[in-house]
Amino acid sequence: MRNIIFIAPPAAGKGTISEKLMDKYGYKHISTGDILRDMASRDDEFGHSLKGMLASGKLVPDEIVYEALKRRLLMNDLESGFILDGFPRNLNQAREYDKILDEVGKKLGVVIYLDTPKDILEKRIVGRRICSSCGATYNILTGINTPKKDGICDKCGSQLYQRDDDNSESFKTRYETFINQTYPLIDFYKKRNVLYNIDSINPDDTMRKVEEIINDND
Ligand SMILES: [Zn+2]
């Protein structure tokens, strides 16, 4: 099984796909945030210094993130492959990731771009409504998962609410960050012949296409 990097704008469906892949194929999920928290809880020198850094609330320097990632990749539970989450976010990190892979003797695997039109992404975020009681999610703009009754959860009858950051402004900021920093990775990986482009609109179709890619590359 090949390792996977998803290049995905906000709300492209990366989280859902990752969960399905973990369930079905035993992929491990590697997020740099989780790794840092995990390493910080360890009783060794690296853990102690990390703990201090995280507690201070300052941004953890890139070098430390790389070191933590390297340590994670050296653990022996990754034979079924892994999905990198939130990394690399920019070209510098992508170049550094190449070095790390060399050092730990692992392969890059496949890079999958979840290509979703901007207006759909915006509707997914701005139209998202969450049940205040059971946490079920709905959308009032996409036509998928529309609540049957306005503002009311189908499952438990409680009120639906909109998260503060699920608004147009915050979407635009996140989308621009993606375009400026992460989008250039597409060219970077295309040149290496590891990039797959998926039109990611319907979640089931997207999952099927991802499975085709990982099975073809097995
Ligand atoms: Zn509910």
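Which residues does Ile 7 touch, not counting residues up to four places away in sequence? The list is Val 111, Tyr 113, Thr 182, Leu 185 and Ile 186, where a contact means that two C-beta atoms, placed from the backbone, lie within 7 Å.

## What you're looking at

This is a predicted model, in which local features need pLDDT of at least 70, side-chain atom pairs count only at pLDDT 80 or more, and totals for chains, interfaces and linings use all residues. Residues are numbered from 1 along each chain as its sequence is written.

## The chain as a whole

The C-alpha trace spans about 55 × 45 × 35 Å along its principal axes. A compact globule of 218 residues would have a radius of gyration near 17 Å, and the chain's 19 Å agrees with that. That radius is taken over C-alpha atoms, and the globule rule is 2.2 Å times the number of residues to the power 0.38.

Among contacts with a separation of 6 or more, 70% are between residues 24 or more positions apart.

## The sheet

Five strands make an open sheet with parallel pairing, in the order E2-E3-E1-E4-E8; two strands pair if DSSP finds at least two bridges between them. Strand E2 (28–31) and strand E8 (195–199) are the edges, each pairing on one side only. On average, neighbouring strands are turned by 25° against each other, direction ignored. For such angles, axes are lines fitted to C-alpha atoms (for helices, over the stretch in contact), and values run from 0 to 180 degrees between N-to-C directions.

Four bridges tie E2 to strand E3 (residues 82–85), and Ser 31 sits opposite Asp 85 in E3. E1 is joined to E3 by two bridges, with Ile 5 opposite Leu 84. E1 also has four bridges to E4, where the partner of Phe 6 is Ile 112.

Strand E1 (residues 4–7) is covered on both faces: Ile 4 and Phe 6 are buried on one side, Ile 5 and Ile 7 on the other.

## Helices against the rest

Helix H9 (residues 203–216) lies across strand E4 (110–115) and E8, running at about 160° to E4.

In helix H6 (residues 118–126), the buried residues include Leu 121, Arg 124 and Ile 125. These three are on the same side of H6, because they cover an arc of only 95° around the axis, taken from the directions from the helix axis to the C-beta atoms. Among the elements covering the buried residues of H6 are strand E5 (128–131), strand E6 (137–139) and helix H7 (168–182).

## Two nonpolar cores

In soluble globular proteins, nonpolar side chains tend to be buried together. A nonpolar core here is a set of buried Ala, Val, Leu, Ile, Met, Phe, Trp, Tyr and Cys residues joined through C-beta atoms within 7 Å.

The largest core has 28 residues, and Phe 6, Ile 7, Ile 83, Ile 112 and Leu 114 have the most contacts inside it. Elements that each supply at least two of its residues include E1, helix H1 (14–25) and helix H8 (185–190). E4 gives the largest share, five residues. Apart from this core lies another of six residues, including Leu 36, Met 39, Leu 50 and Leu 69.

Conventions:
Buried ≥ 20, exposed ≤ 12 C-beta atoms within 10 Å, placed from the backbone.
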